[in-house]
Amino acid sequence: MVASGTRDRAAVAAKESSAPRRNAAYRSTVGIKVVMAVTGLLFLTFLVLHMAGNLKIFFGAESFDHYAHWLRDIGAPALPHEWFLWIQRGVLTLALVGHVWAAATLALRAKRARPIGYAHRPKVQGSYAARTMRWGGVIILLFLVWHLLDLTVGTVNPVGNPATPYANVVAGFAPSRWPVTLFYVLAVVAVGFHVRHGLFSALRTLGQRTANGERWARVAALGFAILLCVGFLVVPFAVLVGWVGPA
Amino acid sequence: MKLTLRIWRQSDREARGKMVTYKIDDISTDMSFLEVLDVLNEQLTATGEEPVAFDHDCREGICGACGMVINGVAHGPQKLTTACQLHMRHFKDGDTIDVEPWRARAFPVVKDLVVDRGAFDRIIQAGGYISAPTGSAPDAHATPVPKPDADAAFEAAACIGCGACVAACPNGSAMLFTAAKVAHLGALPQGQPERASRAAAMLHAHDEADFGGCTNTGECTAVCPKGIPLTVIGAMNHDVLGSAIRGR
Amino acid sequence: MTYPGEFFVDGDPIADTKAPDGPLAERWTKRRSTGRLVNPANRRRLDVIVVGSGLAGGSAAATLGELGYRVRCYCYQDSPRRAHSIAAQGGINAAKNYRNDGDSVERLFHDTIKGGDFRSRESNVYRLAEVSVEIIDQCVAQGVPFAREYGGLLDTRSFGGAQVSRTFYARGQTGQQLLLGAYQALERQVSAGTVAMHTRHEMLDLIVVDGRARGIVVRDLETGAVTVDLADAVVLAGGGYGNVFHLSTNAKGCNVTASWRAHRRGALFANPAFTQIHPTCIPVSGDHQSKLTLMSESLRNDGRVWVPSAAGDTRVPADIPEDERDYFLERRYPAYGNLVPRDIASRATKAVCDDGRGVGPGGRGVYLDFADALTRLGRPTIEERYGNLFEMYERITGDDPYVTPMRIYPAVHYTMGGLWVDYDLSSTIPGLFVIGEANFSDHGANRLGASALMQGLADGYFVLPNTIGAYLADGPFQKLTPKHPDVVSARSAVSDRVQKLLSIDGDRSVDSFHRELGKIMWEYCGMERTDAGLRKAIELIRSLRDEFWTRVKVPGTGAELNQSLERAGRVADFFELAELMCIDALHRSESCGGHFRAESQTPDGEALRADDEFSYVAAWEFASPPVLHKEHLTFEYETPSQRSYS
């Protein structure tokens, strides 16, 4: 072969290395997205239950505190005290690691895939929610740290007593602590955006493939996003305007 | 019309490029965008400068050769239109227009606005076909294909391989291109025997070529001159998962 | 009437010696079952070069690869998927008779011979009709998404020049879908290692050693490197040369260089004057125009062509009442109406515009009106059939054809002429095969709609792979090295020519020459040709060519991607071809098919053949002046008659 340029050899080399390997699927970009999708769906399930539990605050301090304490005894007597909670925390932590790992891997790949950017900043043509997944995710992660310190561990909560979650909530969202509430609101909105694209994206990743299904997936994603926003925001709002006050 | 064009100039693969500004007059609104570049190149040739290199061929929106990012949008502002079919009636007198090549590691710039899209051919080589050697075919009517399936296959098969999806994707992903072929062949009865292995092999070639992963942002389908729907990516994910689950 | 000596000299007649004798219907079977074969082990030792990756080249490279030959395929585009076959819109003919409307191989054969105005070879055309059936099977198996009916079976439509519905289609993108099928088969072979694909490479010369085609000289369009590739056989599939007219429906890169270089090395060029002007293109809008866009002929199925009855009527179409419109195709050709063959529709269009009844800017256009079809079939059906074409029309012109009629005008579309080949598709240089639009073989003086795709794929998938074996059975041929004197000289000739183009450093761009050449050709060698006009054209071409070689300006160097340089080489070859086209058109003083000599017409303005004098293929040998070899056409099964579509 006389007429063979360097590019031809590069093409041959690329071809040889691209012989499909067995079990390569989980390392592929789709495999990474499946991790993202499955962990995301776990979070979504958790959030829906979490939100439902939060709403118990409207049934009064006793009911709410009772519910909070019950959480520690789910599965009893088969499971000892707080075991379920720790299992759940373990699973969610693993899911978080998986979710962040997948996000970071895809972000790095994306950066690698476009070493030189555009001089004319590309106009967003697709959805805004989709373009804010990464920064939105980081905001949610930062919020999560604060949220755990505030209402789980209690370090930054004015009351901070694990025995009295109702009081913690009321104190945490007290009008005087408005910057905290504002941060909470922003984070919940970020969750809404995140879910709006995330749920649609997860369904797509898991094989949703019809035009009709796409419409339903978009409706479902928007519906869950709104549901979560409203469900989570109604509690601080209620505290702020006094519907829910000190017990 | 008078226009100011800012165009990416780069002399070869290794060279550093930069945006260079050109003024151009006497543009008619009936011209296509590529004809404006033709006029500019005539002007540059007359003054002894090197013309701007750009890929183009059929100039009727079907060969997929042309492609440039115009004011930040692949193929420019008009939806469902390649750069060669974009007419100047969509611009205003006095506009400044930025013209850049597709940007992706998998599409190295060859010169000016010309990029190397060989990675697309390698993705097809990995499995974007039905193995039907010449002469082996049964009668065309041996297997009826339900019209909805044939239409779905056609919709995905309309891809022209221009690369706009990659250029627009914030992740530099070629998933729309890859999935379009997977969806086309997967929708037909003739494509079933190789369906699972095809998806896995093509995905592998896609990743090996250094394209990014899809995050379903939809930027690709928004700029696609043939309107390939995002659903094809779901079809591909479906087949990839099927392949992984069935272990082939 | 010209006589040998002024522009050309007469040479010995030639003949096709490869077609078997016997009944027409049995010749291809006989050829296939008696031709020599190459055993599979030997195929692995035989190198075949394919130049071009369109329907013909792509399908041939894939099929030869499947057979086990070592194939190398070259294209100038950045991917084989971009070859200009991709732009064919309407469909592909096949004598399947799925409609039960009386179609048969014989009828397709008859229609093609008649459509070609009795200037093609019966054996070849019959084979084409026969193979058409297999093409559809092959393409369906590859996953080509042809249009289907609700029952899941293939849909067909009728096309110009036929009274049966035998055209298979994939919306308005049939060429694209067929090409992608061939491209995918080709990439499968690349992956299997039987075909090496070289994109962005242009063939600039043919290497002939001891009378056999043994390789090519190519230029890597990215690096400018000029290299040679040596093989046992070379297959040219470079497409047609319509771009000699500058404005045509061809892609900008389409060129004659591969064929022309082979012609200069001894391959005869047949019927160069036979060009097809397509009746339904979007009219020219200004001087900046870089190419013309075809609107598929299939539109004539449902669209009605008309102009105002009175010259100079400037009302908008909606204001012109029915009785003041002239549906001139339906009026003149009642049996075929709007579906008359392309050459007839084109000339009729020109005639009404010459009458001053043309519409649109410059009066070079006629209406193609869908109002009746929209009423009869409803908008959804029209959208389904032609949606993408309507959109394309609106994008280019800004007019909505659902509301106002399209304007159309003829444009150069296809070239029936090409390198002369025998029944085996072998040129006059042993080892050089020519397929697809690049050869002259099957369409005579005019091609029927939806037959180009058929011919390209017939040649590539079914004919060439079966006939090339007879030649390669004698191989592998003597081993050559790049140091062989004939190889060295071919290569240095290419480098010298590149340097020559770069060194002129004049003051006119390549495009300005191409545009001017195109105007000469369109004016004098276009839809209507005259003795005086062609003589004038030859004179103008010669002086413009001389000017080109002293004044052309090619910026940049030869060692880089240099698109001006690529174009300069192609335009230089177009100059030589243009002259031969005019000489061919001048010598053939009859009218036939797409070649219309004003001196030879019936009283009502139709092409008038002169069978006694011109029932031959004009095969030209490169020389100064060119030498004319005639291949006489004999018709055993068809009786040449005056074509009548009225």
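**Entry 1: A against B.** I counted contacts (heavy atoms within 4.5 Å) and got 52 residues from chain A and 56 residues from chain B. This is a predicted model, where local features need pLDDT of at least 70, side-chain atom pairs count only at pLDDT 80 or more, and totals for chains, interfaces and linings use all residues. My bookkeeping: residues run from 1 along each chain as its sequence is written, chains are lettered from A and ligands numbered from 1 in the order written, and side-chain values use heavy atoms, with hydrogens and water left out.

The buried area here is about 4100 Å², with 52% given by carbon and sulfur atoms; that is the accessible area (1.4 Å probe) that two parts lose on being put together, summed over both.

I looked up salt bridges next (a side-chain nitrogen of Lys or Arg within 4 Å of a carboxyl oxygen of Asp or Glu) and found two across A and B. One pairs B:Glu219 with A:Arg131, closest N and O atoms 2.9 Å apart.

**Entry 2: B against C.** Here 75 residues of chain B contact 78 residues of chain C. I get about 6200 Å² buried, 51% of it from carbon and sulfur atoms. The salt-bridge rule finds seven, and C:Lys96 to B:Asp139 is a salt bridge at 3.0 Å, N to O. Polar contacts come to 45 residue pairs. Which element of chain B gives the most to the side touching chain C? Helix 3 does, with six residues. Helices (H or I, at least four residues) are DSSP runs, numbered from the N terminus.

**Entry 3: helix 16 of chain C.** I checked its length: 25 residues (563-587) at 1.5 Å a residue should span 36 Å, and the end C-alpha atoms are 36 Å apart, so the two agree. The expected span is 1.5 Å times one less than the number of residues. Is this helix mostly covered or mostly open? Mostly covered: 24 of its 25 residues are buried, meaning under 20% relative accessible area (1.4 Å probe, protein chains only). At its start, a side-chain oxygen of C:Asn562 comes within 3.2 Å of the backbone nitrogen of C:Ser564.

How values were computed
Polar contact = N/O pair within 3.5 Å; in protein donor to acceptor, adjacent residues only side chain to side chain. Helix = DSSP H or I, 4+ residues; strand = E, 2+ residues; numbered from the N terminus. Buried < 20%, exposed > 50% of the residue type's maximum accessible area, 1.4 Å probe, protein only.
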